[in-house]
Amino acid sequence: MSPLSILLIGFAMSTDAFAAAIGKGAAMRKPRFPDALRAGLIFGVIEAITPIIGWLLGRAALQYVEAFDHWIAFGLLGALGVHMIINGIRPDDGDVDEDEDTRKHHGFWRLAVTGFATSIDAMAVGIGLAFLDVHIGVMALVIGLCTFTMVTAGVMLGRVLGNMVGKRAEIIGGIILIIIGATILYEHLSGAMA
């Protein structure tokens, strides 16, 4: 897998966390940079761990699915991409109550649960990556760093940009995943024909 593809996957995996961070930043009265760094670190660490878990699960199943592994990678990336696009198009359920205690709403466990929820797709990507020639440690590091950067920026931008930009970021991330999945399938099929 090329360095550009690795970076694009890292970016795509961080867009849903970025969208959530913009929402968190919009809900905070006046987000401070240390708050944004803390959220970025929590999300980044969780997002770096989940593809490794998925990769381990995928490696355990590799011998059983080796003949059609490229179709699995294409299917997982494509399905996640479509899911992210649908989430980006779907309207939000409602706004956060302004009087709610900001510290409680943005505490460690709440951020960790949100971070885990936005990292489920990274676990599925990790499963797909188990079937490809990619170093999972490098991929996990890239995903974690992209998420850390995007969430930190998202919290700080949240007050200004609101949910609309976050939703668009998730749509872009979904499109990137679909393109990468199609590229993997094309490369494998064209290599098999040669």
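The legends below describe close-up views of a predicted model.

**View 1. Overall fold of the chain.** The predicted chain contains seven helices and zero strands. Followed along the sequence, the pattern reads α-α-α-α-α-α-α. Of its 194 residues, 47% count as buried. Taking contacts between residues at least 6 apart in sequence, 95% join residues at least 24 apart. The chain has an accessible surface of about 10100 Å², and carbon and sulfur atoms account for 70% of that surface.

**View 2. The largest nonpolar core.** This core has 22 residues, and the members that touch the most other members are Ile9, Met13, Val125, Leu129, Met139 and Leu177. At least two core residues come from each of helix H1 (3–27), helix H3 (69–89), helix H5 (108–129), helix H6 (136–161) and helix H7 (163–193). H6 gives the largest share, with five residues. In soluble globular proteins, nonpolar side chains tend to be buried together.

**View 3. Surroundings of Met13 in the largest core.** Met13 is one of the core residues that touch the most other members. Leaving aside residues up to four places away in sequence, Met13 touches Glu47, Asp121, Ala122, Val125, Ile143 and Leu177. Val125 and Leu177 are also among the core members with the most such contacts.

View 4. What follows concerns a core other than the one around Met13. Besides the core of 22 residues, the model holds a second, separate core of twelve residues. Among the members of this second core are Ala17, Ala36, Phe43 and Leu111.

**View 5. A nonpolar patch on the surface.** Leu41, Val45, Ile49, Ile53 and Leu57 make up a nonpolar patch at the surface. Together these five residues have about 440 Å² of accessible area. Ile49 lies in helix H2, which spans residues 33–65. The relative accessible area of Ile49 is 44%, so this residue counts as partly exposed.

**View 6. The salt bridge between Arg32 and Asp35.** The side chains of Arg32 and Asp35 form a salt bridge, with 3.4 Å from N to O. The pair meets the distance criterion because the nitrogen has to lie within 4 Å of the carboxyl oxygen. The count for the model comes to one salt bridge. Are its two partners buried, partly exposed or exposed? Arg32 is partly exposed, with a relative accessible area of 47%. Asp35 is also partly exposed, at 22% relative accessibility. Asp35 does not count as buried because that class requires a value under 20%.

Methods
Residues numbered from 1 in each chain as written. Predicted model: local features only at pLDDT ≥ 70, side-chain atom pairs only at ≥ 80, totals over all residues. Heavy atoms only, no water. Patch = residues over 30% accessible without salt bridge, like charges linked within 9 Å, V, L, I, M, F, W, Y side chains within 5 Å. Areas by Shrake-Rupley, 256 points an atom, 1.4 Å probe, with all protein chains shown as cover. Helix = DSSP H or I, 4+ residues; strand = E, 2+ residues; numbered from the N terminus. Buried < 20%, exposed > 50% of the residue type's maximum accessible area, 1.4 Å probe, protein only. Core = buried A, V, L, I, M, F, W, Y, C linked by side-chain atoms within 4.5 Å. Contact = heavy atoms within 4.5 Å.
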